[in-house]
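Here is a tour of one protein chain, written for someone just starting out with structures. Keep the picture open while you read, and look up each spot as it comes along.

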Amino acid sequence: MARRRKSSPAEDWVDLIATLPWWGGCVLAIILYLLLLRVAAQPMITAVAPGQIGPAMAQTIWRTLATFGQYLLPLLCLIGAAVSAYRRRQRQNLIAGVAGSKAADTLDGMTWQEFELLVGEAFRLQGYQVTETGGGGADGGVDLVLRKSGEKYLVQCKQWKSFSVGVPVVRELYGVMAAKGATGGFVVTSGRFTNEATAFASGRNVKLIDGPLLHGLIKKATASHGVGVKPAGMQQ
(Lines give C-alpha, C1' and ligand atoms only; values in the text may rest on other atoms or scores of the structure.)
Protein backbone atom coordinates (compact mmCIF):
# COMPACT_ATOMS: atom_id res chain seq x y z
CA MET A 1 0.00 0.00 0.00
CA ALA A 2 1.06 3.61 -0.43
CA ARG A 3 2.59 5.71 2.30
CA ARG A 4 0.36 8.43 3.73
CA ARG A 5 1.40 12.06 3.38
CA LYS A 6 1.94 14.19 6.44
CA SER A 7 -1.26 15.73 7.76
CA SER A 8 -2.16 18.80 9.79
CA PRO A 9 -3.49 18.70 13.37
CA ALA A 10 -6.96 19.54 12.05
CA GLU A 11 -6.82 16.59 9.62
CA ASP A 12 -5.59 14.31 12.41
CA TRP A 13 -8.52 15.42 14.58
CA VAL A 14 -11.02 14.76 11.78
CA ASP A 15 -9.47 11.33 11.15
CA LEU A 16 -9.70 10.51 14.86
CA ILE A 17 -13.38 11.50 15.04
CA ALA A 18 -14.06 9.56 11.84
CA THR A 19 -13.10 6.34 13.66
CA LEU A 20 -16.17 6.83 15.87
CA PRO A 21 -19.74 6.08 14.79
CA TRP A 22 -21.19 9.14 13.02
CA TRP A 23 -23.51 9.87 15.93
CA GLY A 24 -20.53 9.80 18.31
CA GLY A 25 -18.95 12.71 16.44
CA CYS A 26 -22.23 14.66 16.64
CA VAL A 27 -22.55 14.09 20.39
CA LEU A 28 -18.92 15.11 20.95
CA ALA A 29 -19.51 18.29 18.91
CA ILE A 30 -22.40 19.30 21.18
CA ILE A 31 -20.46 18.53 24.37
CA LEU A 32 -17.39 20.51 23.25
CA TYR A 33 -19.51 23.46 22.18
CA LEU A 34 -21.29 23.66 25.54
CA LEU A 35 -18.05 23.27 27.54
CA LEU A 36 -16.11 25.86 25.54
CA LEU A 37 -19.07 28.23 25.49
CA ARG A 38 -19.06 28.18 29.27
CA VAL A 39 -15.34 29.01 29.37
CA ALA A 40 -15.68 31.73 26.73
CA ALA A 41 -18.57 33.33 28.63
CA GLN A 42 -16.55 33.89 31.81
CA PRO A 43 -16.30 37.60 32.70
CA MET A 44 -13.02 39.30 31.87
CA ILE A 45 -10.92 40.38 34.86
CA THR A 46 -10.53 44.17 34.76
CA ALA A 47 -8.76 44.91 38.04
CA VAL A 48 -5.76 42.73 38.76
CA ALA A 49 -3.80 42.69 41.99
CA PRO A 50 0.01 42.42 41.68
CA GLY A 51 0.01 38.80 42.83
CA GLN A 52 -2.76 37.78 40.41
CA ILE A 53 -1.17 38.80 37.11
CA GLY A 54 -0.18 35.22 36.20
CA PRO A 55 -3.62 33.68 36.85
CA ALA A 56 -5.31 36.58 35.09
CA MET A 57 -3.16 36.12 31.99
CA ALA A 58 -3.85 32.39 31.99
CA GLN A 59 -7.58 33.03 32.23
CA THR A 60 -7.42 35.49 29.35
CA ILE A 61 -5.55 33.00 27.17
CA TRP A 62 -7.97 30.19 27.93
CA ARG A 63 -10.95 32.48 27.33
CA THR A 64 -9.55 33.54 23.96
CA LEU A 65 -8.84 29.97 22.91
CA ALA A 66 -12.33 28.90 23.99
CA THR A 67 -13.90 31.76 22.03
CA PHE A 68 -12.44 30.43 18.79
CA GLY A 69 -12.49 26.78 19.77
CA GLN A 70 -16.20 26.71 20.56
CA TYR A 71 -16.86 26.93 16.83
CA LEU A 72 -13.78 25.29 15.32
CA LEU A 73 -13.64 22.05 17.31
CA PRO A 74 -17.37 21.24 16.99
CA LEU A 75 -17.14 21.97 13.26
CA LEU A 76 -14.23 19.53 12.91
CA CYS A 77 -16.22 16.97 14.90
CA LEU A 78 -19.16 17.32 12.51
CA ILE A 79 -16.84 16.94 9.53
CA GLY A 80 -15.41 13.80 11.14
CA ALA A 81 -18.97 12.52 11.70
CA ALA A 82 -19.75 13.10 8.02
CA VAL A 83 -16.58 11.25 7.00
CA SER A 84 -17.52 8.38 9.32
CA ALA A 85 -21.00 8.14 7.77
CA TYR A 86 -19.54 8.23 4.25
CA ARG A 87 -17.00 5.52 5.01
CA ARG A 88 -19.68 3.38 6.61
CA ARG A 89 -21.84 3.66 3.49
CA GLN A 90 -18.83 3.00 1.27
CA ARG A 91 -17.93 -0.14 3.24
CA GLN A 92 -21.49 -1.43 3.01
CA ASN A 93 -21.57 -0.85 -0.75
CA LEU A 94 -18.22 -2.63 -1.20
CA ILE A 95 -19.36 -5.62 0.86
CA ALA A 96 -22.68 -5.82 -0.98
CA GLY A 97 -20.94 -5.58 -4.36
CA VAL A 98 -18.46 -8.36 -3.58
CA ALA A 99 -21.10 -10.58 -1.99
CA GLY A 100 -23.26 -10.19 -5.08
CA SER A 101 -20.48 -11.14 -7.49
CA LYS A 102 -19.84 -14.67 -8.69
CA ALA A 103 -16.04 -14.56 -8.86
CA ALA A 104 -13.18 -13.26 -6.72
CA ASP A 105 -11.82 -11.18 -9.59
CA THR A 106 -14.23 -8.43 -8.55
CA LEU A 107 -11.56 -7.52 -5.98
CA ASP A 108 -9.07 -6.68 -8.72
CA GLY A 109 -10.83 -3.48 -9.75
CA MET A 110 -10.55 -1.91 -6.29
CA THR A 111 -8.06 0.70 -5.13
CA TRP A 112 -5.95 -0.18 -2.08
CA GLN A 113 -8.05 2.23 -0.01
CA GLU A 114 -11.26 0.45 -1.00
CA PHE A 115 -9.64 -2.91 -0.37
CA GLU A 116 -8.70 -1.93 3.19
CA LEU A 117 -12.25 -0.71 3.86
CA LEU A 118 -13.63 -3.96 2.48
CA VAL A 119 -11.34 -6.12 4.61
CA GLY A 120 -12.17 -4.11 7.73
CA GLU A 121 -15.89 -4.52 7.14
CA ALA A 122 -15.45 -8.25 6.50
CA PHE A 123 -13.84 -8.62 9.93
CA ARG A 124 -16.58 -6.52 11.54
CA LEU A 125 -19.15 -8.94 10.18
CA GLN A 126 -17.22 -11.70 11.95
CA GLY A 127 -17.58 -9.95 15.31
CA TYR A 128 -14.25 -8.13 15.53
CA GLN A 129 -13.82 -4.57 16.72
CA VAL A 130 -11.80 -2.93 13.94
CA THR A 131 -9.44 0.05 14.11
CA GLU A 132 -8.07 1.36 10.81
CA THR A 133 -4.51 2.48 11.48
CA GLY A 134 -3.48 3.53 7.99
CA GLY A 135 -0.31 1.41 7.87
CA GLY A 136 2.87 2.49 6.12
CA GLY A 137 4.40 4.05 9.22
CA ALA A 138 6.34 3.01 12.30
CA ASP A 139 3.74 0.31 13.06
CA GLY A 140 5.36 -2.07 10.59
CA GLY A 141 2.77 -1.56 7.88
CA VAL A 142 -0.17 -2.80 9.95
CA ASP A 143 -3.40 -1.60 8.34
CA LEU A 144 -6.00 -2.89 10.80
CA VAL A 145 -6.01 -3.73 14.49
CA LEU A 146 -8.68 -6.21 15.52
CA ARG A 147 -9.98 -6.94 19.00
CA LYS A 148 -12.23 -9.78 20.03
CA SER A 149 -12.81 -11.42 23.41
CA GLY A 150 -10.06 -9.28 24.95
CA GLU A 151 -7.42 -10.38 22.42
CA LYS A 152 -5.63 -8.31 19.77
CA TYR A 153 -4.93 -9.26 16.17
CA LEU A 154 -2.98 -7.39 13.47
CA VAL A 155 -3.82 -7.25 9.77
CA GLN A 156 -1.82 -6.35 6.68
CA CYS A 157 -3.75 -5.76 3.45
CA LYS A 158 -2.05 -6.26 0.09
CA GLN A 159 -4.00 -5.20 -2.98
CA TRP A 160 -1.57 -6.89 -5.38
CA LYS A 161 -2.96 -8.15 -8.67
CA SER A 162 0.21 -8.63 -10.72
CA PHE A 163 2.28 -10.84 -8.39
CA SER A 164 1.97 -13.09 -5.36
CA VAL A 165 2.63 -12.05 -1.77
CA GLY A 166 5.93 -13.52 -0.64
CA VAL A 167 7.39 -14.65 2.67
CA PRO A 168 9.00 -11.27 3.59
CA VAL A 169 5.55 -9.74 4.12
CA VAL A 170 4.42 -12.61 6.34
CA ARG A 171 7.68 -12.60 8.28
CA GLU A 172 7.39 -8.82 8.84
CA LEU A 173 3.90 -9.13 10.28
CA TYR A 174 4.98 -12.02 12.51
CA GLY A 175 7.75 -9.85 13.96
CA VAL A 176 5.38 -6.95 14.59
CA MET A 177 2.94 -9.30 16.30
CA ALA A 178 5.63 -10.40 18.74
CA ALA A 179 6.71 -6.81 19.40
CA LYS A 180 3.16 -5.63 20.06
CA GLY A 181 1.96 -8.67 21.98
CA ALA A 182 -0.74 -9.61 19.48
CA THR A 183 -2.49 -12.96 19.78
CA GLY A 184 -2.54 -13.52 16.04
CA GLY A 185 -2.41 -11.89 12.66
CA PHE A 186 -3.81 -11.94 9.16
CA VAL A 187 -2.29 -11.13 5.79
CA VAL A 188 -5.06 -10.46 3.29
CA THR A 189 -4.51 -10.10 -0.45
CA SER A 190 -6.69 -9.86 -3.52
CA GLY A 191 -4.21 -12.18 -5.25
CA ARG A 192 -2.27 -15.23 -4.10
CA PHE A 193 0.57 -16.25 -1.78
CA THR A 194 3.81 -17.91 -2.72
CA ASN A 195 4.52 -21.45 -1.50
CA GLU A 196 7.28 -20.05 0.75
CA ALA A 197 4.83 -17.65 2.41
CA THR A 198 2.34 -20.45 2.99
CA ALA A 199 5.04 -22.68 4.47
CA PHE A 200 6.24 -19.95 6.84
CA ALA A 201 2.71 -19.23 8.12
CA SER A 202 2.00 -22.94 8.65
CA GLY A 203 2.12 -23.77 12.36
CA ARG A 204 2.25 -20.10 13.35
CA ASN A 205 -0.59 -17.85 14.50
CA VAL A 206 -0.66 -16.04 11.16
CA LYS A 207 -3.53 -16.74 8.79
CA LEU A 208 -3.18 -16.07 5.06
CA ILE A 209 -6.34 -15.00 3.22
CA ASP A 210 -6.11 -14.84 -0.57
CA GLY A 211 -8.64 -13.42 -3.03
CA PRO A 212 -10.86 -16.50 -3.46
CA LEU A 213 -10.89 -17.21 0.29
CA LEU A 214 -11.77 -13.56 1.10
CA HIS A 215 -14.55 -13.65 -1.47
CA GLY A 216 -15.98 -16.79 0.11
CA LEU A 217 -15.72 -15.42 3.64
CA ILE A 218 -17.57 -12.25 2.64
CA LYS A 219 -20.38 -14.20 0.96
CA LYS A 220 -20.73 -16.43 4.03
CA ALA A 221 -20.63 -13.51 6.50
CA THR A 222 -23.21 -11.45 4.61
CA ALA A 223 -25.51 -14.44 4.31
CA SER A 224 -25.33 -15.18 8.05
CA HIS A 225 -26.03 -11.52 8.92
CA GLY A 226 -28.77 -11.02 6.36
CA VAL A 227 -26.85 -8.22 4.64
CA GLY A 228 -28.32 -7.24 1.28
CA VAL A 229 -26.18 -8.00 -1.75
CA LYS A 230 -25.78 -5.99 -4.91
CA PRO A 231 -25.64 -7.95 -8.17
CA ALA A 232 -22.40 -7.46 -10.08
CA GLY A 233 -24.17 -5.73 -12.94
CA MET A 234 -25.59 -3.09 -10.58
CA GLN A 235 -22.36 -2.06 -8.83
CA GLN A 236 -21.63 1.67 -8.86
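## His215, tucked away

In this predicted model, is His215 buried or exposed? With a relative accessibility of 6%, His215 counts as buried, because anything under 20% falls in that class. You'll find His215 in helix H7, which covers residues 211-225.

So who sits around His215? Setting aside neighbours within four places in sequence, His215 is in contact with Val98, Ser101, Lys102, Ala103, Ala104 and Thr106. One of these, Ser101, gets a polar contact: its side chain and the side chain of His215 meet at 3.0 Å.

## The whole chain

Now zoom out. The chain has seven helices and five strands. If you walk along the sequence, they come in the pattern α-α-α-α-β-β-β-α-β-α-β-α.

How much of the chain is buried? Of its 236 residues, 39% count as buried. Take the contacts between residues at least 6 apart in sequence: 62% of them join residues at least 24 apart.

## The sheet

The five strands form an open sheet, in the order E1-E2-E3-E4-E5, with mixed pairing. Strand E1 (129-132) and E5 are at the edges with a single partner strand each, so one side of each has no neighbour in the sheet. On average, neighbouring strands of this sheet are turned by 20° against each other, direction ignored.

E1 and strand E2 (residues 144-148) go for the antiparallel sense, over four bridges. To spot this pairing, look for Val130, whose bridge partner in E2 is Leu146.

E3 and E4 pair in the parallel sense over six bridges, and Tyr153 stands opposite Gly184 in E4. E4 and E5 are parallel too, over four bridges. In that pairing, Phe186 stands opposite Lys207 in E5.

## E4, covered up

How many residues of E4 are buried? Six of its six are, which makes E4 mostly covered. Gly184, Phe186 and Val188 point one way from the strand, while Gly185, Val187 and Thr189 point the other way, and all are buried.

## Helices against the sheet

Helix H4 (residues 112-125) lies across E1, E2, E3, E4 and E5, and it runs at about 150° to E3. H5 packs on the sheet as well, touching E3, E4 and E5, and its direction makes about 155° with that of E3.

Let's check the length of H5.

Which residues of H5 are buried? They include Val167, Val169, Val170, Leu173, Val176 and Met177. Their cover includes strand E3 (151-158), strand E4 (184-189), helix H6 (195-201) and strand E5 (206-209). Just after H5 comes Gly181, which takes a positive phi of about 70°.

## Two loop residues

Ser149 is in the loop between E2 and E3. Although Ser149 is not a glycine, it has a positive phi of about 55°. Ser149 counts as exposed because its relative accessibility is 74%, and the exposed class starts over 50%.

Gln126 belongs to the loop between H4 and E1. At 33% relative accessibility, Gln126 counts as partly exposed. How far apart are the C-alpha atoms of Gln126 and Ile218? They are separated by 9.3 Å, while the two residues are 92 residues apart along the chain.

Key
Residues numbered from 1 in each chain as written. Predicted model: local features only at pLDDT ≥ 70, side-chain atom pairs only at ≥ 80, totals over all residues. Heavy atoms only, no water. Buried < 20%, exposed > 50% of the residue type's maximum accessible area, 1.4 Å probe, protein only. Polar contact = N/O pair within 3.5 Å; in protein donor to acceptor, adjacent residues only side chain to side chain. Contact = heavy atoms within 4.5 Å. Pairing = 2+ DSSP bridges. Axes fitted to C-alpha atoms, helices over the stretch in contact; angles between N-to-C directions.
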